[in-house]
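Subject: Handover of a structure and its findings

Dear colleague,

Please find the structure below, followed by an account of what was found in it.

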Amino acid sequence: MKVNLLSTPSCTSCRKAKQWLIDHNVEFVERNIFANPLSEQELKQIFMLSEGGTDDVISTRSFVFDQCKDKMSSMTISQVISLLAIHPELIRRPILMDSKRIEFGFNEDEIRCFLPRVTRKCELEQMVREAL
């Protein structure tokens, strides 16, 4: 199963995530969300997979966020999704996802969920052996 990497070229965390996927031989498809913005339907899918909703998806470091944060608290989720479709710089990056899982930002421990189960099992067995 391929992982979708939603990123931007200037994002350091995106480059780290991409390199981690390459180093661990994880098949992925990369998409620059500035050059090829997400549709509202794709954003709805991201929200459905997320556990934290807008807290997961919205980049509070964005310049655009600073300009509209007061308005966002009174927006419906549909309005937020429309805003994100127009302003992809509001989206936290990178986003790694497959049909069942999603991760926001780069965290080397959490990204391991995209490794094949057999690989994770072998690594766990090796760590147990080394601990003995």
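The second largest pocket has a volume of about 210 Å³. Of its 13 lining residues, Arg101, Phe114, Leu115, Pro116 and Arg117 are the closest to its centre. This is a predicted model, in which local features need pLDDT of at least 70 and side-chain atom pairs count only at pLDDT 80 or more, while totals for chains, interfaces and linings use all residues. Residues are numbered from 1 along each chain as its sequence is written, and side-chain values use heavy atoms, with hydrogens and water left out.

On a 1 Å grid over the protein atoms alone, a pocket is an open set of points with protein on both sides within 12 Å along at least five of seven lines, a cavity is a set where a 1.4 Å probe fits but cannot get out, and lining residues have an atom within 4 Å of a point. A volume is the space filled by probe spheres set on the points, which are joined across faces, edges and corners.

By class, six nonpolar, one polar and six charged residues line the second largest pocket (Ala, Val, Leu, Ile, Met, Phe, Trp, Tyr, Cys and Pro count as nonpolar, Asp, Glu, Lys and Arg as charged, and the others, Gly among them, as polar).

The largest pocket has a volume of about 430 Å³. Among its 23 lining residues, Cys11, Ser59, Arg61, Arg92 and Arg93 are the closest to its centre. Its lining divides into eight nonpolar, nine polar and six charged residues. Domain 1 (1-33 + 93-131) and domain 2 (41-90) both contribute to this lining, so the largest pocket lies between them; the domain bounds come from an automatic or database domain assignment. Helix H1 (12-23) and helix H4 (63-72) each supply at least two residues of the lining.

The structure also holds one cavity of 30 Å³ or more. The largest cavity contains about 40 Å³ of space, and its lining consists of Leu96, Glu103, Phe104, Gly105, Phe106, Asn107, Glu110 and Ile111. Four of these residues are nonpolar, two polar and two charged.

As to the overall fold, the chain has six helices and four strands (DSSP runs numbered from the N terminus, H or I of at least four residues for helices and E of at least two for strands). Along the sequence they follow the pattern β-α-β-α-α-α-α-β-β-α. The C-alpha atoms fill a box of roughly 55 × 25 × 25 Å, taken along the principal axes.
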